[in-house]
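Here is a short report on a few local features, written for someone who likes to see the cut-offs. Have the structure open as you read.

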Amino acid sequence: MINKKFQINPFKLTITSLVMVFALWSGQSQALDTSDGEPAVPVEVNESEVTESGGNAELGEALFKANCAACHKLYKNAVGPALFQVSEKYSREWLYKWIKNSSALIASGDAQAVAIYNEYDQKNMNAFPQLSNEDIDNILAYTDTSKPVATEIVGPEVAPAVADNSMTNNIVLGALALVLVVLIVVLVAVNSTLKRFAAANGIQTEFEEEDQPARTPIWKAFVRNQFLVLTTAIFLLLVSAYFVYGGLMSVGIDQGYAPVQPIHYSHRIHAGVSKIECKYCHSSARESKHSGIPSLNVCMNCHKSIAEVAESTYNEGLEEYGIDYNKEIQKLYKATGWSEEEQAFTGEEEPVRWVRIHNLPDLAYFNHAQHVTAGNIECQTCHGPVEEMEIMYQYSPLTMGWCINCHRESNVDLKGNGYYEEIHKELSEKRGGRQLTVADLGGLECGKCHY
Amino acid sequence: MNKFFNTILLTVGACVLVSCGDNGTKDVSPKSDRSVQYFPNMYQSVGYETYQEGTVFENNMEAQKPVDGTVSRGWLPYDYEDDNDGYASAKANLENPVPLTEAHFENGKALYDIYCAICHGANGNGQGHLVKTEKILGVPSYDSREITAGSIYHVMYYGINYMGSYASQTSIEERWEITHYVEALRADLMGVPRKPLIDAQNVDTPVDDLVLGDDAPADAATAEPVENMENTNQDNGNSNNGQ
């Protein structure tokens, strides 16, 4: 069979390899197009210049992030209004008063203050008596820094880094393709020249097989050799048994199951990079049978303010996983009915149809609280390195043998269990004084999980 | 002659194979079908499973909130409204019904580390991991404002500004336990002594009665009962789904 494949004529070969090379090339350039997306977040400019009012924007930035950013953004309305160029809208003296104690200003009947209070749903702004006039000047200097124009700044800074990499790749690939083409052309030429020489000199290049009638066909020889038949039969039986056994053992086991979810949620970013506790979102794992898929209000705890991911994260998502994280956040906003412009829920909700990954058959009972709270087992023991999973998959086989094995091996922490102390001690002595495992406490009883 | 072509073919083949591998893309199992099930009727029950789609409900959602006007077990309506007056009233009147025993305090610490420390920092100075990495900004330190047990609870219940509500993730008792711990952190930050722990043996009323019973001090005279139950109903939505 291999021989057959190698006897493709040189012309066909040339064309196939050319097609392959160009297919490769175009694939590469496509990847370049997608990775060249617009930057998600404008790059911060280093601006330490002192503005006319005498404020220092750099100091102001730190103060802004510590005090104001809980409710305000520079260029977007948030809980409170966008603060870009706020110093031009109101007089400085008025701003001092407002920031230090806005509710007092409203109570004093200041028309401007009352108007703002009513415009933003009568939400009280916190008083900041600890900020001095100078601090406020610094903050105002920061809020006056104009938005860095993303395309202009990003152009020379980021684009080369991205383009550079793929450019060199492209050049290398192009050179490779060229070399290949030249090689093929040369070989074809050599081949045809040699053939012409051979023909001219009368040398036979294509040999016909000589007739050998005495030879028996190979299959007849095989059938006659009984030992060979026997060993082949045994070999085939073993191979098929191997595959049949493997196939049967995988029935009902979904290890590695990684369905595509309606919203691409990265456990790697949330649990890994951001170090958010598993139980922050899966809070019912502490106290109920199910670990619970978090309701979307839990997502919105953070994503009310995080509408876009950081630029580095955004690029990483595009380049490594082909995922536009910002679009995924927009999907969340659509499902919860969150309007970014109005910073409020519109009430137009739609359910997210998550695909369930871990599923035990109904004949088995499993309780998360029993394992997480009482047993004090790390989530990763069963669910694997979730903090590294970009796409969630089933790590463990979730078979009965797997459960039993863990119950046999896991020691139980019996400290501070005053009521049963005596019983546990007696049992431990019965078992030769070793520490008790789950199995010793009835963890292998059928009725524990099947009833 | 053929050998040359064999070599070329192999080289090209190898190049194609190598280039097909995505450059350094992290490997994720593409298995997106469940395996065959033996006796599938043992796997897929007739009754609705958690989070399953059910045809009789709006949007096919099987997970439902409690019916308006009903009260789930282990949960009581909260008497303060989500506005400035409600906040002020809770701050002045609401007191912690959970005794400050060591067990409650420890539980409060564990819960604080799960839900709060990620932004507010392990010691409450507003420098949690998400703040340090500039994902969430403007988290104040506990000692920078005047807060009371009532206002801490109120903010956990409804959320404030960019902070969301934690009512769906915690129970009434758990929020009060967290409140104890936050007050202790605040005392540490301000350099004043913490409140002393109470010996558990001196507490005779079970916590359930303290939190849910009629004697709970939540019936402050100024507070009005919440008329619209809708925004408080989210409380037990999560744990209900889990049953």
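A:Leu398 is partly exposed, because 19 other C-beta atoms lie within 10 Å; here 20 or more would count as buried, 12 or fewer as exposed, and anything in between as partly exposed, with C-beta atoms placed from the backbone. This is a predicted model, in which local features need pLDDT of at least 70, side-chain atom pairs count only at pLDDT 80 or more, and totals for chains, interfaces and linings use all residues. Residues are numbered from 1 along each chain as its sequence is written, while chains are lettered from A and ligands numbered from 1 in the order in which they are written.

Helices are DSSP runs of H or I with at least four residues, numbered from the N terminus.

Now to a helix pair. In chain B, α4 (residues 102-115) packs against α8 (residues 172-190) at an angle of about 90°, their axes 7 Å apart; axes are lines fitted to C-alpha atoms over the stretch in contact, and angles run from 0 to 180 degrees between N-to-C directions. That makes α4(B) roughly perpendicular to α8(B), a label for 65 to 115 degrees. Among the α4(B) residues in this contact are B:Phe105 and B:Leu111, and the α8(B) side includes B:Ile178 and B:Tyr181.

Note on methods:
Helices (H or I, at least four residues) and strands (E, at least two) are DSSP runs, numbered from the N terminus. Angles under 35 degrees count as roughly parallel, over 145 as roughly antiparallel, 65 to 115 as roughly perpendicular and the rest as oblique. Two residues are in contact if their C-beta atoms, placed from the backbone, lie within 7 Å.
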